[in-house]
Amino acid sequence: MKSDLPYNGQIKLTNISNDFFYGFKHGIPIALGYIPVSFTFGLIAADGGIPVLAAVLISMTNLTSAGQFAGINLIIHGASMLEIALTSFIVNLRYMLMSLALSQKLSSKISTLKRCILAFGITDEVFAISSIRKGELTFSYMSGLIAGPYVGWALGTALGGLTSSLLPPMLQSSMGIALYGMFISIVVPATKESKAALAVSAIAVSISSIFKWVPYVNFVSGGWVIIIATVVACSIGAIMFPREEDELE
Amino acid sequence: MSNVYSGLIVMALVTYMIRVIPMVAVKGKLKSRFIQSFLYYMPYAVLGAMTFPGILYSSGNVLASAVGGVFALFLAYNNQSMMKVALGSIIAVYLCQRLL
């Protein structure tokens with residue numbers, strides 16, 4: 001059974017708690033990376049006069065970094081609910097693509113209710129880890145993967161709201177690179193093995209660089225840049241390097 | 001300030017709808033080879049676009065972040081675990097910031 005192969009390729013028993021454990025283990029680096037980010041969110045919210053409890057509730061009900069930063073900023077500055085809704089929609093629209101991609105990797109045995117639960121936990125990092133994993137994704141694996149980051153995100157927010165400085169500022173700013181380090185550790189080994197993956201990544205990086213530095217297009221917001229880069233790079237990849245049926249498992 | 005709790009509910013609902021609709025609406029496997037290939041390549045595109053140039057602005061010091069990024073590339077190229085790459089890049093950025 002191909003779907004029971006974990007990362008290291010060892011055969012393991014199909015066991016619910018085992019799958020949860022694997023997921024949880026894979027989620028630990030995400031959880032650690034989330035703490036400084038959500039800490040900053042808690043800090044910004046508290047500075048803007050948002051009660052700590054409200055900030056933590058936002059983290060527990062939204063679980064999105066850029067979306068929350070944009071949203072809290074709007075709330076602090078007294079924006080309308082329509083503005084808040086539209087901004088959340090635009091900043092978070094990339095999750096729609098990720099959710100679609102994961103819908104194809106989830107085991108078809110997973111019920112609608114369980115899909116509704118898992119959908120809540122799709123973040124950039126959870127998507128990154130689970131979409132790279134070989135074979136079908138089980139509910140236990142996914143819930144294990146989401147559990148740690150969820151707690152880390154809420155905990156960091158509370159700490160940020162309650163304390164003005166958890167760590168020396170220089171160390172805290174250095175921790176900002178952790179999630180990027182994680183992304184690199186996922187992409188680089190894959191691009192060593194597959195020229196197609198390398199080409200797709202390189203195209204996406206070029207597009208996001210253009211939107212950062214080239215005049216006239218550098219006003220486009222981050223959420224859209226990811227969507228545009230993804231759609232263009234993956235379309236080129238799918239046309240130039242289409243996958244064979246048997247490769248797509 | 002807007003009402004915090006109304007804002008919270010609006011943000012949470014919009015964000016959740018974005019996540020849940022594709023996952024519940026698309027249950028079967030999509031047949032198109034183009035779409036399957038597209039989705040297969042998605043992680044590489046998403047991660048690439050999210051990492052660069054964002055990584056350069058992760059610490060408030062572009063040079064230190066760049067050094068951290070190069071060190072992360074080096075570690076990842078040598079197949080180090082995710083945890084080691086993440087911690088290694090933090091240490092590199094921290095040391096650079098101390099020295100600069």
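**Domain and chain interfaces in a predicted model**

Within chain A, six residues of domain 1 are in contact with eight residues of domain 2 (contact: heavy atoms within 4.5 Å). The model is predicted; local features need pLDDT of at least 70, side-chain atom pairs count only at pLDDT 80 or more, and totals for chains, interfaces and linings use all residues. Residues are numbered from 1 along each chain as its sequence is written, chains are lettered from A and ligands numbered from 1 in the order of writing, and side-chain values use heavy atoms, leaving out hydrogens and water.

The domain assignment of chain A places domain 1 at 2–176 and domain 2 at 194–249. Such bounds come from an automatic or database assignment. Between them, domain 1 and domain 2 of chain A bury about 620 Å² (accessible area, 1.4 Å probe, that two parts lose on being put together, summed over both). Carbon and sulfur atoms give 77% of this area. On the domain 1 side, α4 (81–92) and α5 (94–103) of chain A each supply at least two residues. Helices here are DSSP runs of H or I, at least four residues long, numbered from the N terminus. By class, that side of domain 1 of chain A has four nonpolar, no polar and two charged residues. Ala, Val, Leu, Ile, Met, Phe, Trp, Tyr, Cys and Pro count as nonpolar, Asp, Glu, Lys and Arg as charged, and the others, including Gly, as polar. Zero salt bridges are counted between domain 1 and domain 2 of chain A (side-chain nitrogen of Lys or Arg within 4 Å of a carboxyl oxygen of Asp or Glu).

Between the chains, 102 residues of chain A are in contact with 69 residues of chain B. The two chains bury about 7800 Å², with 74% on carbon and sulfur atoms. Gln104(A), Ile177(A) and Arg243(A) lose the most area in chain A to chain B, together 9% of what that side buries. The count of salt bridges between chain A and chain B is zero. Helix α10 (residues 178–193) of chain A gives the largest share of the side that touches chain B, 13 residues. That side of chain A comprises 66 nonpolar, 28 polar and eight charged residues.

Chain B has a mean pLDDT of 92, and 100% of its residues reach 70 or more (pLDDT: the predictor's confidence in each residue, from 0 to 100).
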